[in-house]
Amino acid sequence: MAGTLNAGEGRRAAGLLAPAYLWLTLAVFMPLSAMLFFSFLTAPPFGNEPVAATLANYFAFFETGTYGRLLWKSVKLGLWVTGLCILIGYPCALVLAKQIRGRAREALFLLVILPFWSNSLVRIFSWAIVLRGNGVLERALDLVWPGDVRLGLMFTPAAVVIGLVHSYLPYVILTSYLALQAIDDDIIAAARSLGAGRLTILRRLVLPLSLSGLLAGAVLIFVPVVGSFMEPRILGGRFGTYYGTVVEDQFVAVFNWPLGAALSFILLAVVLLILALSSPILRKGLQ
Amino acid sequence: MSGLRIAGYAWLALVLVFLYAPIFVMAAMSFNASPFYQLPFEASFRWYEDLAANTAIRAAATRSVLIALAAMTIATVLGTAAALALFRYDFRGKRVLQVLLFPPIAIPWLITGTAMLIFFFAIGLGRGTPAVLIGHVALALPYVIVVVNARLASFDRTLEEAARALGAGPWTVTRRVTLPWIAPGVVAGALFAFAVSFDQFVVSYFLAKPGDATLPVLIYTAIRKGFTPEINAVSTLIIGASMALMLVVARFFSFGGHR
């Protein structure tokens, strides 16, 4: 029953909850508020310059068109990576959940999601070694393909997509797998005995029942990819300018923090909009 | 075996190759004598010897481990306490508190990291190891709470009531009844917290002082200056360590939600 704690219980509950939530307030929620405040200033308030309130940082986004184009470029990158992760990951989750049984399934599932919990920066770096000109991939292709193979993948948008798909693929496999294995095998057997073909079962039964997991995975991939900057920097070379890298620049190279704060906040607004629109799906998919 | 089943196994095998091949290539190249990753392969430990002699990388590695241990300890204690309260008590606003756990996980780290940088400068803390630690704990906390909560879901509430009826105080109930039951969840949560901190790059990148970098920040800086095989060697060690850590986690926490 909500709100029916006696005084002692209330004190104990508050005592247990307060440290964690105070920490989150200090380290996440207050910084986000501070960033919003900052985005309306002409200069950081701890420098020597006079500080005034302004909307210029937000106008900058709409005036030049550069930032808008980059945001769209990052959104497109997010769509590409998410789409590829779904195409590659969903069949993989299907095989794991419905084709493989017992201990082998547990072991293979662990193998698939293990890289996800290892260092993402290092995994992106490993692609730089594989993809670089005259690197391992090109030399390996030389062995099976006649002639001198020049893929020239390194420092291209394709390299960025490959690295990001590698980083986030386990997400969609994880969420799809959880949804798929919740589907009762008897339902599938029943559909089959009623004469449904494989494709019909997939389209009319399995896909709708696991859609929430699939979409939850898609959102969990799309959101961080739109804000990515390390992957484009390492794998994209001169094609590696995205919205995230421009935000990074404002904080570590250009030192225009108020503009960086405004750009960060616009990204946050986009992300929150996407999360809010998909929250019913997310809640269902992550249960 | 039908053709479709074979295709299924083949697909899974291809995905595993895609996921692991670059990691193995990187590991193999760290044992290759050529500094430019040239083939043919010539076995050598020289990059690991260089690594052992590199004081900057060693200092960053030590700093990363210490920060991860501290973040793990703080996040586990605070997170377990919060998870217990969310499990035991029903009160108005509980839903809100649960929803508030998602922003630190769901908002891109670029946004969280830059926001922390701004705020820590505004309150006079600035960049440095304390700022990094505060940030890491905040990122790890939601994971601990969620993982411990998952374990608590299988806890029989009547055990606590029985202990209380037999005269145990709230602290004794927690220590002698509840904590032993949720111990595997707490261990899994702690290891997650360690991993979140140890592998964290983005937030550390914005909050670490130059010269006081954590290992991932140092690696990023080195990669952007140009490839070095020493970085390759240390990366191989890191990925080996974090995968081994996750195999340990898997003993305590079922990722697939079934066992």
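1. A quick note to start with: between chain B and chain A the count of salt bridges is zero (a salt bridge being a side-chain nitrogen of Lys or Arg within 4 Å of a carboxyl oxygen of Asp or Glu). Please keep in mind that this is a predicted model, where local features need pLDDT of at least 70, side-chain atom pairs count only at pLDDT 80 or more, and totals for chains, interfaces and linings use all residues. Side-chain values use heavy atoms, without hydrogens and water, residues are numbered from 1 along each chain as its sequence is written, and chains are lettered from A in the order in which they are written.

2. On the interface itself, 92 residues of chain A are in contact with 90 residues of chain B (contact meaning heavy atoms within 4.5 Å). About 8300 Å² is buried between the two chains, and carbon and sulfur atoms give 80% of that area (the accessible area, with a 1.4 Å probe, lost on putting two parts together, summed over both).

3. Chain B has twelve helices and zero strands (DSSP runs: H or I of at least four residues for helices, E of at least two for strands). Its C-alpha atoms fill a box of roughly 75 × 65 × 30 Å along the principal axes.
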